[in-house]
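Student: I would like to learn how to read a model like this one. Can we go through it feature by feature?

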Amino acid sequence: MNNEIRNIFNKIAPVYDELNDRLSFGQHRVWKEMAVKWSQAKPGDTCIDLCCGSGDLSLRMARHVGKTGQVSGVDFSCELLAVAQERAENIYPKPNITWIEADVLNLPFEDNHFDAATMGYGLRNVTDIPRCLQELYRVLKPGAKAAILDFHRPSNELMRKFQQWYLNNLVVPTATQMGMKDEYAYISPSLDRFPLGNAQIAIAQQVGFTDATHYPIANGMMGVLVIKKF
Ligand SMILES: C[S@@+](CC[C@H](N)C(=O)[O-])C[C@H]1O[C@@H](n2cnc3c(N)ncnc32)[C@H](O)[C@@H]1O
């Protein structure tokens, strides 16, 4: 299963950033800035961006922590990491980011290492959500926060219908034009399987995060889970 997911993301890599911009009308940039803010990363902090993909959140985080800070961008898709690396090389001054090819279910870091964490559109894609949050808990320092951005099913019936219409009639056809039909058709079923905000909070609490809040954004079509390790 992990291999199938990795193959999907390796295939998407060349068009991933363009599609994100087109499909969210650029809004994903705003949501990602919110996630960085909610992670409470500060200048000089050591941070991790889980499932970093092409590095959007890692780059934002690096700007936030400045030249005295450090960001580790972790993903298992070597193709997306190559895109991330190239983006970072074209930025001056060079952001302080280390790109790491690894499985977020087995993070290659010692316990209590990071001051803050972000994750964008990753939690829905991992094969074991509790395990992922458990690993995140392990590598965060006591007092550190993580902000996890992903799709969400709105509680409002009308918004839910709109979201499904948007996925069926905008996302899939646009991706089809770019030769990525199957890869984007997976979003809707993955969203059906993805726990709602309250269930995400419950999993976070089970693995040890005592402070957990889920913030619905974009009329509940997206959400940010903010969790803190005490
Ligand atoms: C939808 S992309 C999100 C990329 C980026 N965070 C963003 O917001 O644009 C999901 C990413 O999760 C990665 N991923 C999924 N499961 C993973 C795992 N178990 N370990 C590492 N990366 C994983 C994929 O390779 C992909 O890059």
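Student: Which residues come nearest to the ligand?

Tutor: Keep in mind that this is a predicted model. The ligand has 20 residues around it, and Tyr16, Cys51, Asp75, Asp103 and Gly120 come nearest.

Student: What classes of residue make up the shell around the ligand?

Tutor: The shell has 11 nonpolar residues, six polar and three charged.

Student: Which helices each supply at least two residues of that shell?

Tutor: Helix H1 (2-12) and helix H2 (16-24) each do. H1 gives the largest share, three residues.

Student: How much of the ligand does the protein bury?

Tutor: The ligand taken alone exposes 600 Å², and the protein buries 99% of that. The space the ligand takes is the largest pocket.

Student: How is a pair of aromatic rings described?

Tutor: By the distance of the centres and the angle of the planes. There are seven aromatic pairs in this structure. One of them joins Phe162 and Trp165, with 6.1 Å centre to centre and 25° between the planes. Planes under 30 degrees apart count as stacked, so this pair is stacked.

Student: Where do Phe162 and Trp165 lie?

Tutor: Both are in helix H7 (residues 157-177). They are three residues apart, about one turn of the helix.

Student: What should I look for in the backbone?

Tutor: Most peptide bonds are trans, and most residues other than glycine have a negative phi. Now take the bond from Tyr92 to Pro93: it is cis, with omega near -5°. Pro93 sits in the loop between helix H5 (78-89) and strand S3 (97-101).

Student: What is the phi of Asn112?

Tutor: Near 55°, a positive value in a residue other than glycine. Asn112 is in the loop that runs between S3 and strand S4 (114-120).

Notes. Residues are numbered from 1 along each chain as its sequence is written. This is a predicted model: local features need pLDDT of at least 70, side-chain atom pairs count only at pLDDT 80 or more; totals for chains, interfaces and linings use all residues. Side-chain values use heavy atoms; hydrogens and water are left out. A residue is near a molecule or strand if one of its heavy atoms lies within 4 Å of it. Accessible areas come from the Shrake-Rupley method with a 1.4 Å probe; for residues, only the protein chains shown count as cover. On a 1 Å grid over the protein atoms alone, a cavity is a set of points where a 1.4 Å probe fits but cannot get out, and a pocket is an open set with protein on both sides within 12 Å along at least five of seven lines; lining residues have an atom within 4 Å of a point. A molecule sits in a cavity or pocket if more than half of its atoms lie within 2 Å of its grid points. Helices (H or I, at least four residues) and strands (E, at least two) are DSSP runs, numbered from the N terminus. Ala, Val, Leu, Ile, Met, Phe, Trp, Tyr, Cys and Pro count as nonpolar, Asp, Glu, Lys and Arg as charged, and the others, Gly among them, as polar. Rings of Phe, Tyr and Trp (its six-membered ring) pair if their centres lie within 6.5 Å; planes under 30 degrees apart count as stacked, over 60 as edge-to-face and the rest as tilted.
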